[in-house]
Amino acid sequence: AVLVFFDTEKELNNFKNKYGNNIDRLHVLTGNEPNSKLEFYVSEAGIARTVTLATRNMGRGVDFKSDDCTVESNGGVHVIQTFL
């Protein structure tokens with residue numbers, strides 16, 4: 001499971017458009033999703049073979065969890081921040 005945080009939604013969309021077809025389980029979180037979708041994607045973010053692309057604001061105050069033994073045995077959820 002990988003969480004990739006982008007500074008802007010534009011950067012996120014550029015990445016998604018370029019590489020999204022190569023990722024089987026891809027979710028996008030920008031903060032503009034309805035609550036039900038937001039909760040689903042947050043709960044799915046810790047599942048093996050899932051890549052979640054998110055904007056900067058989704059990295060604050062959101063409790064991403066890993067409930068997957070496969071993910072935990074491989075070091076947990078990996079987080080990539082694409083900005084300083």
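Biologist: Why is the contact of Asp 63 with Lys 65 called a salt bridge?
Modeller: The closest N and O atoms of Asp 63 and Lys 65 are 3.5 Å apart. A salt bridge needs a side-chain nitrogen of Lys or Arg within 4 Å of a carboxyl oxygen of Asp or Glu, so the pair qualifies. This is a predicted model, where local features need pLDDT of at least 70 and side-chain atom pairs need 80 or more, while totals for chains, interfaces and linings use all residues. Side-chain values use heavy atoms, without hydrogens and water, and residues are numbered from 1 along each chain as its sequence is written.

Biologist: What makes Asp 63 exposed or buried?
Modeller: Its relative accessible area is 53%. Buried means under 20%, exposed over 50%, and partly exposed in between (1.4 Å probe, protein chains only), so Asp 63 is exposed. Lys 65, at 48%, is therefore partly exposed.

Biologist: How do you know that Glu 44 forms a salt bridge with Arg 25?
Modeller: Their closest N and O atoms are 2.4 Å apart, so the pair meets the cut-off. Glu 44 lies in helix H2 and Arg 25 in strand E2, so parts 19 residues apart in sequence are tied together. Helices (H or I, at least four residues) and strands (E, at least two) are DSSP runs, numbered from the N terminus.

Biologist: Why does Glu 44 count as buried?
Modeller: Its relative accessibility is 14%, so it falls under the limit for buried. Arg 25 has 30% and is therefore partly exposed.

Biologist: What makes E2 and E3 a strand pair?
Modeller: DSSP must find at least two bridges between the strands. E2 (residues 25–29) and E3 (residues 50–55) have five, in the parallel sense, so they pair.
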